[in-house]
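Please look at the sequence and the structure first, then read the notes below.

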Amino acid sequence: MSLFNVFNVAGSAMSAQSMRLNTTASNLANADSATSASGEAYRAKQVVFEAVPIEGGSTAVKVREVVEDPSPLKQVYDPKNPLADDKGYVSMPNVNVVDEMVNMLSASRSYQTNVETMNAAKTMLLKTLTIGQ
Amino acid sequence: MIGKLDNYLSFNETALSLRSQRQELLASNIANADTPNYKARDIDFSSALQGALVRSGASGSPLATTEAGHIATPAGAADGKTLPDGTPVLYRTVKQGAVDGNTVDMDTERTQFADNGLRYEAGITMINQQIKNMLAALQGA
């Protein structure tokens with residue numbers, strides 16, 4: 001019964017999108033974290049989506065990896081800060097708040113779309129159960 | 001008699017099965033709307049239905065191969081180029097390119113998804129009516 005595969009496909013997309021939303025939340029929460037366990041400033045994290053063919057010809061999604069943004073950290077002049085270097089600069093996270101807001105909207109909309117996909121498949125399956133009644 | 005009943009219902013059955021497989025493909029497109037380099041896919045429904053009707057009329061269900069000498073009935077390989085019943089899966093023509101190589105156009109996919117779902121339900125209504133007609137004929141009431 002291939003319609004059940006819609007649940008697998010839409011479900012995989014929902015978990016991938018929620019992981020993307022999680023990284024966005026982490027990036028926004030740490031937009032000002034000048035230090036971390038490693039002693040370095042926080043680096044923005046991004047998810048990489050990958051299409052995974054599954055049985056029956058359809059294609060699910062999975063998060064292949066979570067990568068750290070390699071772009072340089074923001075240098076902020078703040079000599080009062082205990083983390084400032086000898087010239088008075090502090091390395092701040094390379095989180096771009098505008099990018100993250102866009103990512104958040106996109107992830108949330110994609111998640112909603114997949115919920116609707118799943119609901120449509122559910123309606124179709126319920127209708128299928130009425131055959132012969 | 002059973003063969004006639006089978007023929008009576010087989011058109012709508014084939015159409016419903018193709019519709020549900022197409023729905024799955026469209027769901028894959030929607031799910032991969034944010035996957036880089038994913039190419040949107042679909043089937044050409046009318047030619048797929050023609051092909052499926054010819055196949056189901058010619059041979060019925062595929063035969064099992066239980067001995068080394070048996071010849072397998074041609075079935076869709078699991079390479080993603082065909083559906084399990086042998087229908088070719090095509091790539092959608094790009095309307096607006098994206099920088100990440102993704103060709104999913106959400107407007108097209110959502111429209112087709114709603115359209116396909118509605119036609120599936122219409123197919124179910126029709127097969128139900130066929131069953132009611134057949135019952136009326138059998139019971140004579």
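The buried residues of H1(A) pack against strand S1 (45-53), strand S2 (59-68) and H2 of chain A, together with H1 of chain B. Helices (H or I, at least four residues) and strands (E, at least two) are DSSP runs, numbered from the N terminus. A residue is buried if 20 or more other C-beta atoms lie within 10 Å of its own, exposed if 12 or fewer, and partly exposed in between, with C-beta atoms placed from the backbone. This is a predicted model, in which local features need pLDDT of at least 70, side-chain atom pairs count only at pLDDT 80 or more, and totals for chains, interfaces and linings use all residues. Residues are numbered from 1 along each chain as its sequence is written, while chains are lettered from A and ligands numbered from 1 in the order in which they are written.

**Helix H1 of chain A**

- In H1(A), the buried residues are A:Asn5, A:Val6, A:Val9, A:Ala10, A:Ser12, A:Ala13, A:Met14, A:Ala16, A:Gln17, A:Arg20, A:Thr24 and A:Asn27.
- H1(A) has 26 residues and reaches 38 Å from its first C-alpha to its last, close to the 38 Å expected at 1.5 Å a residue. The expected span of a helix is 1.5 Å times one less than its number of residues.
- The axes of H1(A) (residues 4-29) and H2(A) come within 9 Å and cross at roughly 160°. Axes are lines fitted to C-alpha atoms, for helices over the stretch in contact, and angles run from 0 to 180 degrees between N-to-C directions.
- H1(A) and H2(A) are therefore roughly antiparallel to each other. Angles under 35 degrees count as roughly parallel, over 145 as roughly antiparallel, 65 to 115 as roughly perpendicular and the rest as oblique.
- H1(A) passes H2(A) in a left-handed crossing. A crossing is left-handed if the near helix is turned anticlockwise from the far one by less than a right angle, and right-handed if clockwise.
- The contact of H1(A) with H2(A) comprises 14 nonpolar, nine polar and two charged residues. Ala, Val, Leu, Ile, Met, Phe, Trp, Tyr, Cys and Pro count as nonpolar, Asp, Glu, Lys and Arg as charged, and the others, Gly among them, as polar.

**Between the chains**

- 27 residues of chain B are in contact with 31 residues of chain A. Two residues are in contact if their C-beta atoms, placed from the backbone, lie within 7 Å.
- On the side of chain B that touches chain A, H1 and H3 of chain B are the elements that give two or more residues. H1(B) gives the most, with nine residues.
- That side of chain B divides into 15 nonpolar, nine polar and three charged residues.
- H2(A) (residues 97-128) and H1(B) pack at an angle of about 165°, with their axes 10 Å apart. H2(A) is therefore roughly antiparallel to H1(B).
- The crossing of H2(A) and H1(B) is left-handed.
- H2(A) brings A:Thr113, A:Asn114, A:Thr117, A:Ala121 and A:Met124 to this contact, and H1(B) brings B:Gln23, B:Ala27, B:Ile30 and B:Ala31. These residues divide into five nonpolar, four polar and no charged.

**Chain B: layout and helices**

- Chain B has three helices and two strands, in the order α-β-α-β-α from the N terminus.
- Buried residues make up 28% of the 141 residues in chain B.
- The axes of H1(B) (residues 2-31) and H3(B) (residues 106-139) come within 9 Å and cross at roughly 160°. H1(B) is therefore roughly antiparallel to H3(B).
- The buried residues of H3(B) are B:Glu109, B:Gln112, B:Phe113, B:Asn116, B:Gly117, B:Tyr120 and B:Gly123. They pack against H2 of chain A together with H1 of chain B.
- Just after H3(B), B:Gly140 takes a positive phi of about 65°.

**Chain B: loops**

- B:Val89 is found in the loop between helix H2 (45-59) and strand S2 (90-91) of chain B. B:Val89 counts as buried because it has 20 C-beta neighbours inside 10 Å.
- B:Asn37 lies in the loop between H1 and strand S1 (41-42) of chain B. Phi of B:Asn37 is near 65°, a positive value in a residue other than glycine.
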